[in-house]
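This briefing concerns the strands and nonpolar cores of the structure shown below, grouped by topic.

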Amino acid sequence: MRNAKFFPVFVLLVAVLLLSAGITIARSQGAEPVQQGSSDFELRAETVNAALAQNNLFDCATYYPDLGSVLPVDHQIFQIVRDVKITPDDGREYMGAVWSPDGNAMVLVVPTDGYRDILDSDALPSDDETRLVAISRNELMLYFPNQNVWDQITSDGARPTWSTDAQSIYYMMGTDLMKFDLNTRTAIYAGLRAPYTAVGLLFSRPLPDGRLLAPRQPHAPLEIQGGKTPALSPIEVADSDHIVLSPWSDQVVVGYGANTFGGHFVPAVTVLHHPNGEITPLLKNCHFSAIEMVWSPTGKQIAYPTNTDIPEIRIYDVESGQTRVLVRLDTGDLLSGLSWSPDGKFLAFTQGDDRSTPRSIWVVSTNGAMRQRLTEGGLLPNWSPDGRHILYARPSADRLLDWYLLEYTAVEAEGG
Amino acid sequence: MNKQIRVLTTLTALGLTLLIQLFLTSSAHALIPGYDHKHRYIKPDYTYAYYTTTKEAYIKNTLPNEWGYGETWHDNALQAGAVMIRSGVYWRVNRSVLNSPWPNNNCYKGGSGDTLYYRTVPTSRGGQEQWLPGSSQTRTDSATNATYGYHAERVSLPSGRPDKLVGLRYNATIQNRTNSTTGTWLQRIRYAVLNMGTPYDPNVECSQEDDQTNTDPTYPNN
């Protein structure tokens with residue numbers, strides 16, 4: 001009976017111990033809290049709020065055109081002369097390519113299994129639900145189509161950018177700006193560096209003149225480093241964002257991603273930053289469009305697809321601020337992978353996603369007069385600067401993508 | 001003495017209640033993976049980015065791109081989508097973390113050791129699914145929150161399996177079917193996946209050798 005007196009206490013003790021253990025285990029399995037960075041992202045919040053305050057912003061969440069489809073007339077614009085697979089069967093994952101300005105060569109990004117860890121403190125404050133933890137190390141491979149020759153530039157590079165004279169390739173090795181010389185086949189540190197942060201690793205990118213768009217200090221906004229005349233005011237971005245530089249690096253579109261900033265849901269918003277520091281809000285709730293935006297070769301227009309209920313390809317004119325619909329489908333097919341022809345008269349794009357409908361590559365004249373299905377299957381068309389080739393990809397059984405080079409001749413010289 | 005017995009009885013009952021509650025709580029949540037989702041995504045600059053997301057955040061950044069968020073999408077269709085994506089995420093996380101020996105379905109195909117992850121590639125870059133960071137929407141977030149915890153499970157635990165989870169597949173056809181019918185999210189899922197003309201296989205995701213069962217899953221939220 002004396003022992004029985006302690007039984008309930010014992011039972012309670014066991015229960016409390018088990019409860020504590022359970023809570024500890026549950027905590028260890030759940031998401032660890034993200035430490036807030038030293039930046040409060042005030043500049044970013046200011047820009048996003050200013051954009052969202054604009055009442056007539058194009059909103060992909062509510063857009064539903066009453067008008068009918070916009071489908072340029074089917075017409076043969078180009079004739080395919082040659083269509084050959086160029087990527088070797090070497091087990092590498094060849095991804096996107098950047099053409100040289102003269103169209104004689106291209107650099108392909110080849111991600112590897114190696115990676116760089118991202119600091120916890122770089123996460124967007126209060127958005128502790130999605131954490132970027134690492135980014136890949138990548139090979140950069142140089143390819144000369146005329147000779148069918150491949151050459152490795154580096155085993156660790158990202159965001160390759162050709163110099164204006166096509167003699168060098170700038171790229172990021174982690175946070176270091178590197179310069180690869182085509183004549184000597186050697187790479188050197190170009191003297192500029194971004195701090196080791198998520199923003200430094202993700203967003204730092206070379207400009208064709210050897211300058212660098214990067215933060216100056218950890219958690220600082222992006223600025224142009226090197227030279228005396230920065231072409232852009234500081235731009236603050238977080239790892240949910242996406243930036244698209246204009247051809248002359250004097251304007252940039254930033255797709256600010258949706259997040260739970262400050263504990264409240266903030267929708268995605270896309271903004272054009274001008275050289276004088278002014279901003280033009282472009283889109284709301286259209287993060288897919290922001291990721292898929294492409295500048296025209298002159299830097300005067302921006303084309304993008306929408307993945308709204310009725311998909312469209314739209315063209316925004318920077319000078320007039322007007323947007324026009326180039327294509328409006330009568331189906332729900334995904335539109336993606338836009339690429340301008342070097343003369344700006346055509347856009348190539350992918351229609352379909354191999355799920356509801358097969359993928360195919362189309363070209364459309366930018367004056368809206370005609371369109372042509374160029375290939376059955378294929379995606380990610382990439383027009384060469386000399387206007388002679390279109391590089392594109394096809395899904396592969398052995399790896400994600402094989403790349404093909406398509407040579408064409410114009411059947412009828414007409415366009416926008 | 002009577003008072004002492006009453007106190008002892010009360011304390012014992014309290015302790016036992018606590019223990020029972022603890023037992024019930026732990027078994028009730030045993031099927032919901034306690035781990036976050038780890039995955040690799042191909043960024044627009046063609047590098048790989050590795051993410052850890054909560055399972056609900058994964059749904060919120062997938063649902064608007066796989067289903068939609070415009071006015072033509074019914075709330076119940078979006079809720080059906082949230083439950084289907086959640087079922088896939090639970091399956092993937094548990095299969096991979098628990099490394100279930102059968103069927104052969106470790107869904108985290110990449111990496112090794114503690115760097116295992118699931119490979120996700122957007123359809124615009126050659127993949128088959130649409131997780132896009134930063135793409136969540138008000139309507140699809142609401143649909144996700146409204147169905148919090150609901151997922152598909154088998155009626156009974158198959159031999160050799162660590163749990164009853166079912167990884168529901170979805171493709172563009174199924175998404176549209178959840179919207180082309182009427183009813184609750186549950187009725188819409190059943191319409192979309194049970195009448196497809198091909199055998200309904202709730203065990204197929206990440207599986208190399210499928211269990212060709214046609215059993216309709218249950219949809220608990222615990």
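Four strands of chain A form an open sheet in the order β8-β9-β10-β11, with antiparallel pairing; strands are DSSP runs (E, at least two residues) and helices likewise (H or I, at least four), numbered from the N terminus, and two strands pair if DSSP finds at least two bridges between them. This is a predicted model, in which local features need pLDDT of at least 70 and side-chain atom pairs count only at pLDDT 80 or more, whereas totals for chains, interfaces and linings use all residues. Residues are numbered from 1 along each chain as its sequence is written, chains are lettered from A and ligands numbered from 1 in the order in which they are written, and side-chain values use heavy atoms, leaving out hydrogens and water.

**The open sheet**
- β8 (158-162) and β11 (186-193) of chain A stand at the edges, each with a single partner strand, so one side of each lacks a neighbour in the sheet.
- β9 (residues 168-173) and β10 (residues 176-181) of chain A pair over six bridges in the antiparallel sense, and I169(A) stands opposite F180(A) in β10(A).

**The hairpin**
- β27(A) and β28(A) form a hairpin with five residues between them, and G387(A) in the turn has a positive phi of about 70°.
- Three bridges join these antiparallel strands, with L379(A) opposite A393(A) in β28(A).

**Nonpolar cores**
- A nonpolar core is a set of buried (under 20% relative accessible area, 1.4 Å probe, protein chains only) Ala, Val, Leu, Ile, Met, Phe, Trp, Tyr and Cys residues joined through side-chain atoms within 4.5 Å.
- The largest has 65 residues, and W67(B) and I189(B) are among those that touch the most other members.
- Apart from it lies another core, of 38 residues, including F180(A) and A393(A).

Definitions and conventions:
Buried < 20%, exposed > 50% of the residue type's maximum accessible area, 1.4 Å probe, protein only.
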